[in-house]
Amino acid sequence: MLYRENQNSFSMEIFKDPPAEYRGVPFWAWNTAMTKEDIDFCLTVFRDMGMGGGFLHSRTGMDIPYLGPEFMELIRYAHEEARKLGLKAWLYDEDRWPSGFAGGLVTACQEYRARYLVWSPLPLRDGEIPEDSPKGSTAQAVRSKNRRLLGIYRVEGKDGYLQNYERISRGGEEEEGLWRAYVEICGDNPWFNGQSYVDTLNPKAVRAFIDSTYEPYRELLGRDFGEKIPAIFTDEPQFTPKGRADAIDSRRPVILPFTDHLPELFQENFGFDLLDCLPELFYEKKEGYSRVRYCYHELVSRMFADSYCRQLGDWCAQNNIRLTGHLMKEPLLSSQTAYVGEAMRAYAGFQIPGMDLLCDRREFTTAKQVQSAVRQFGALISGDTSFRETGRPPWVSPSGRPIWHGHPWKERQKEIILPLFSTSPRGIGNIN
């Protein structure tokens, strides 16, 4: 049992000097060519700082092939040395973030790359890459030449609203003013090691992520899953963010999350063909409500929660380790809708649901929704990744006073705090 002291009466002695599992656990950024000497030094620092261990977190600058033999040997060594110091090694499931692409090992396979729906005012020729997409550290669409046509549409508006639309045959595709829908496979992105982000709406793609990352950790350390290695952290999973159309007379392309089997699932769940009704995803109807749009957002949210969060959480439950982590864009309902659908639904897959709380922000509702998930789903505790860009410890303000992170103190004892600690000054947020 991980939190065995919870079963006992309150002890002032244990409160003054709690076991490792009740202490803060830093995100331990492996951001240099890691050695066993680096590991020994950092673990000693963690012990002397009163930390409870560390999340073994691959980060920019590591200079060791991710998930390769040398990396896995260092993971094993860090776990063994942490145990000798009375600390716990917590696992992290990705090369940087967002989780799911296994450092590019999963998305080297085209079948598992993220897909998205392109609503285009112009026909796209085979092999054409329409624009130079921004390439960052999110699931933002990177345009590619790999696409297929889903449908051609005649769309009519009046007074700024969608009035009529029709899905037409290819025979009318030369008509001016038509819209086309394509499903496109995400292009290459340097952040994803020259590959792309994963299709989190595809259970097979997520299973490939489990096989490439979680299973090797189980083979190496599975005997110690549970009390000795409490959890594995998944970081900012998401789908391709949802774009929004301009006015109905605009001719700007729009992108929405999609996957190959989405139309089939839509038909099974709601009894009609999504592809016949695509214009309703983009434009407002005068009566103010579209069942098509509601059903689409409902299905995408459910697919993400089941395919990614629940599948990882089920694997963890079966293997005596807890899934922890946080989602992309948690704070607002609007941002959740765009990147994950619905945070509360996704939290059900986590044994230790968490949140980001960066740079001394005040996110009361973000904290409360995680706390609510803990209570509703019977989770043990919540996690809080805390990071300040000042070089000070993340729990100290410029005046030396503790930073307020959103919870009353009486709730903080139910939470793991995860400050960032970098092995090398090459990374950000190193604590001296």
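Predicted model: local features only at pLDDT ≥ 70, side-chain atom pairs only at ≥ 80, totals over all residues.
Strands and helices here are DSSP runs numbered from the N terminus, with at least two residues (E) for a strand and at least four (H or I) for a helix, and two strands pair if DSSP finds at least two bridges between them.

Residues are numbered from 1 along each chain as its sequence is written, and side-chain values use heavy atoms, with hydrogens and water left out.

Which sheet do β4 and β9 belong to? They are part of an open sheet of five strands, in the order β6-β5-β7-β4-β9, with antiparallel pairing. Its edge strands, each pairing on one side only, are β6 (161–168) and β9 (254–258). On average, neighbouring strands of this sheet are turned by 30° against each other, direction ignored, where axes are lines fitted to C-alpha atoms. As background, strands of a sheet pair through backbone hydrogen bonds, either parallel or antiparallel.

Stepping back to the whole chain, there are 10 helices and 13 strands. Of its 432 residues, 56% are buried, meaning under 20% relative accessible area with a 1.4 Å probe and protein chains only, whereas exposed means over 50% and partly exposed lies in between. If we take contacts, that is, heavy atoms within 4.5 Å, between residues at least 6 apart in sequence, 77% of them join residues at least 24 apart.

Now to the backbone, where most residues other than glycine have a negative phi, and most peptide bonds are trans. Where does the model show a cis peptide bond? The bond from Trp97 to Pro98 is cis, with omega near -5°, and Pro98 has its place in the loop between β3 (88–95) and β4.

Asp63, although not a glycine, has a positive phi of about 60°, and this residue is found in the loop between β2 (53–58) and α3 (69–84). Because its relative accessibility is 57%, Asp63 counts as exposed. Asp159, also not a glycine, has a positive phi of about 55° and is found in the loop between β5 (147–158) and β6. With a relative accessibility of 59%, Asp159 counts as exposed.

How values were computed:
Axes fitted to C-alpha atoms, helices over the stretch in contact; angles between N-to-C directions.
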